[in-house]
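This report describes one protein structure for a reader new to it. Please look at the sequence and the model first.

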Amino acid sequence: MGLIGRTAWLLDTAHLVLERGHEISFICTAPSSPEARAGVTEFQAFASTHGTPFFADPRISGLDLTADVCLSVNWVTVLRQPFLERFAHGVFNAHPGDLPRFRGNACLNWAILAGESEAVLTVHRMVEELDAGPIALKRRRPIAPEDDISTLYAWLDEQIPAALVETLDRVVDGTLELRPQDPSIRPLRVYPRKPEDSRINWGDTAERILRLVRASAAPFGGALTRLESGEEIAIHRARVHVPDHDFLAVPGQVCYAVDGNPIIATGDGMLELVELADDVASKQIILRSLRNRLV
């Protein structure tokens, strides 16, 4: 079998594949972003250790790749049908979204932002249309109010390698059953996010800002804000704060502190900033004057 894609999830899958006694015909990866937590160097080291043919080239259709079946995570381009048909049993992709809902990119970040009640991992056999192939299996997990993208990624750390190898095992023993995606469900296409998309609008509701913070936590760079004086601040964890008094304040106003944590006015309430990048220094900068505002 072959491995196509990026991320620590695919690298962990490679280790588990070998533990189960399968043979890896090739690994093909491409440069990735820091939140992938494994890059070209790590994949190349794995391939060198195990004597596996290795490619680091997004122009995958021009590569001489052969295998009975492929496993994929977070490949950088759409794979076209002539490429997918090279492999007798197809290419199976681990997609962190509930297909046919949540087709596309940054699915779990968008699920938090949209207030979804559960996270879903779908393994599907790829077709040329984006995330439209028949489904091999799904794994589900509730999204609790205290969950953020880091806790959901920790769940995927366990689920993606296990689900892909379970799919591979079913291919080998002939028990895999594929079911088409439900045509009665209207697909939801979600699009890539950039770091600047995590910038806070303090005029928004406290709940919506909190979702943005949760969706931007590690391994991402945090929800972004800055002081009027220009200091940039990344917020990694926050919670809704309910004051013991009525108040009037401009959104973004630094109101006071609780246990050293800044309390900030929002469009409809207050948020407590619990964890920041450069935590102590950032909190001190915010709290050095109650005339400060975050913008």
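## Terms and basis

Buried means under 20% relative accessible area, exposed over 50%, and partly exposed in between (1.4 Å probe, protein chains only). The model is predicted: local features need pLDDT of at least 70, side-chain atom pairs count only at pLDDT 80 or more, and totals for chains, interfaces and linings use all residues. Residues are numbered from 1 along each chain as its sequence is written, and side-chain values use heavy atoms, with hydrogens and water left out.

## Residue E272

E272 is buried, with a relative accessible area of 5%. This residue lies in strand β14 (residues 270–276); helices (H or I, at least four residues) and strands (E, at least two) are DSSP runs, numbered from the N terminus.

The side chains of E272 and N261 are joined by a polar contact of 2.7 Å. Such a contact is a pair of N or O atoms within 3.5 Å; within protein, one must be able to donate a hydrogen and the other to accept it, and residues adjacent in sequence count only if both atoms are side-chain atoms.

## Helix α1

Helix α1 (residues 7–19) has 13 residues, and its end C-alpha atoms are 19 Å apart.

Among the buried residues of α1 are W9, L10 and L16. Their cover includes β1 (2–5), α2 (40–50), β4 (70–73) and α5. Just after α1, G21 takes a positive phi of about 90 degrees.

Key
The expected span of a helix is 1.5 Å times one less than its number of residues. Contact means heavy atoms within 4.5 Å.
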